[in-house]
Amino acid sequence: MGSHLSEKLVMEGHEVICLDNFYTGSKANVAHLLSHPNFELLRHDVTFPLYVEVDQIYNLACPASPIHYQRDPVQTTKTSVHGAINMLGLAKRTNARILQASTSEVYGDPEVHPQEENYWGRVNPIGIRSCYDEGKRCAETLFFDYWRQNNTEIKVVRIFNTYGPRMHPADGRVVSNFLVQALMGQDLTIYGDGSQTRSFCFVDDLIDGMIKFMNLPAEITGPMNLGNPTEFTILELAEKIIQITNSNSKILMHPLPLDDPKQRKPDISLASTLIGWNPITDIESGLIKTMAYFENVIKESRK
Ligand SMILES: NC(=O)c1ccc[n+]([C@@H]2O[C@H](COP(=O)([O-])OP(=O)(O)OC[C@H]3O[C@@H](n4cnc5c(N)ncnc54)[C@H](O)[C@@H]3O)[C@@H](O)[C@H]2O)c1
């Protein structure tokens with residue numbers, strides 16, 4: 001997501017310092033920006049302080065897929081919590097406005113559908129997803145405490161499942177998994193019986209909402225949901241991907257992982273009221289664009 005955000009900001013004429021420790025990200029995703037005079041790439045880990053001069057900060061640093069954030073769960077919590085402290089410290093020192101890429105995971109396995117921003121969530125504090133969910137919850141707490149204590153200008157967005165080109169092909173998220181499996185002619189693996197639902201937002205729509213929200217008046221802090229409310233079962237998604245890729249792959253069912261939420265759907269009324277935002281990319285067009293990217297990744301890997 002950060003590469004798409006950087007690209008859009010650079011194209012709008014902003015100067016962008018993009019920092020990444022390349023834990024899940026890749027230089028290749030910003031290679032096309034490296035020669036642009038308004039773009040600078042720094043290898044930096046947000047768990048360490050950073051001293052630069054900026055007027056806006058988008059804090060997106062954090063592995064987002066379960067296989068990546070569960071590989072080193074202590075580092076995941078550190079990235080969210082120490083990362084938030086360091087970036088909020090930078091915002092305080094430079095008087096910059098700061099946006100936190102929070103997540104629908106702060107709602108945990110919710111009892112209310114769709115999830116509105118005033119729902120406090122139902123999160124397991126000691127499970128295998130907690131490093132991510134609780135790390136992001138604590139980051140939100142820190143954002144609101146910096147706002148109350150220091151008048152730091154904050155914006156918190158809660159992002160629901162987002163997909164698109166430049167995803168890591170092996171990051172284990174459902175859209176990338178299914179597309180790669182279908183394109184390679186492998187069977188598609190569904191965890192559970194496929195009846196769990198998700199809503200999928202195309203990355204361009206998400207970035208558009210994020211930038212609009214960042215530039216609202218200071219008194220609007222969020223949290224604000226961003227995501228596509230059109231729900232699909234995982235089984236429907238698998239079937240659609242098999243159809244789009246014209247693949248002969250079959251669908252295989254595996255046991256559901258622990259704490260996997262059964263249903264996820266954003267209520268985006270607030271985004272619609274505040275920034276007039278509604279996702280405009282339907283699942284079919286988004287999947288076709290993402291498929292083209294993965295086709296290229298697979299082709300390159302076979303060279
Ligand atoms: N994609 C989604 O569906 C989704 C949903 C909710 C929230 N989010 C949030 O949005 C942000 C971006 O997600 P994404 O989908 O692009 O994931 P991603 O894994 O592709 O990107 C995360 C980036 O953060 C970098 N990173 C990780 N730890 C770091 C550290 N300690 N210091 C510096 N950089 C670090 C990674 O190398 C990577 O480039 C994340 O904070 C994620 O939690 C994403």
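# Notebook: a pocket, a sheet and a tucked-in helix

I started with the second largest pocket and found that helix 4 (residues 130-150) gives the largest share of its lining, five residues. Helices here are DSSP runs of H or I with at least four residues, strands are E runs of at least two, and both are numbered from the N terminus. Before going on, I noted that this is a predicted model, where local features need pLDDT of at least 70, side-chain atom pairs count only at pLDDT 80 or more, and totals for chains, interfaces and linings use all residues. Residues are numbered from 1 along each chain as its sequence is written, and side-chain values use heavy atoms, with hydrogens and water left out.

**Pocket.** The second largest pocket has a volume of about 260 Å³. Of its 13 lining residues, W120, R137, E140, R158 and P223 are the closest to the centre. I wrote down the rule: on a 1 Å grid over the protein atoms alone, a pocket is an open set of points where a 1.4 Å probe fits, with protein on both sides within 12 Å along at least five of seven lines, and lining residues have an atom within 4 Å of a point. Grid points are joined across faces, edges and corners, and the volume is the space filled by probe spheres set on the points.

Next I looked up the strand order: four strands form an open sheet, 3-4-5-10, with parallel pairing. Strand 3 (56-59) and strand 10 (224-226) are at the edges with a single partner strand each, so one side of each has no neighbour in the sheet. Neighbouring strands are turned by 25 degrees against each other on average, direction ignored. Two strands pair if DSSP finds at least two bridges between them. Strand 3 and strand 4 (residues 97-103) pair over four bridges, with Q56 partnered by R97 and I57 by I98. Strand 4 and strand 5 pair over six bridges, and there L99 has K155 as its partner.

I then checked how covered strand 4 is: seven of its seven residues are buried, meaning under 20% relative accessible area with a 1.4 Å probe and protein chains only. R97, L99, A101 and T103 are on one side, and I98, Q100 and S102 on the other.

Helix 3 (residues 73-94) lies across strand 3, strand 4 and strand 5 (154-159), at about 170 degrees to strand 3. Axes are lines fitted to C-alpha atoms, for helices over the stretch in contact, and angles run from 0 to 180 degrees between N-to-C directions.

**Helix 5.** Why do I call helix 5 (residues 174-183) largely enclosed by the rest of the structure? Eight of its ten residues are buried, so the rest of the structure largely encloses it. Among them are F178, L179 and V180. The cover includes strand 6 (162-163), strand 7 (188-191), helix 7 (234-245) and helix 9 (283-301), with contact meaning heavy atoms within 4.5 Å. After helix 5 comes G185, with a positive phi near 75 degrees.

**Cysteines.** How many disulfides did I find? The count is zero, taking a disulfide as a pair of cysteine sulfur atoms within 2.5 Å. For C62, the nearest cysteine sulfur is that of C131, 8.3 Å away. C62 counts as buried at 16% relative accessibility, and C131 is buried with a relative accessible area of 8%.

Note on methods:
Buried < 20%, exposed > 50% of the residue type's maximum accessible area, 1.4 Å probe, protein only.
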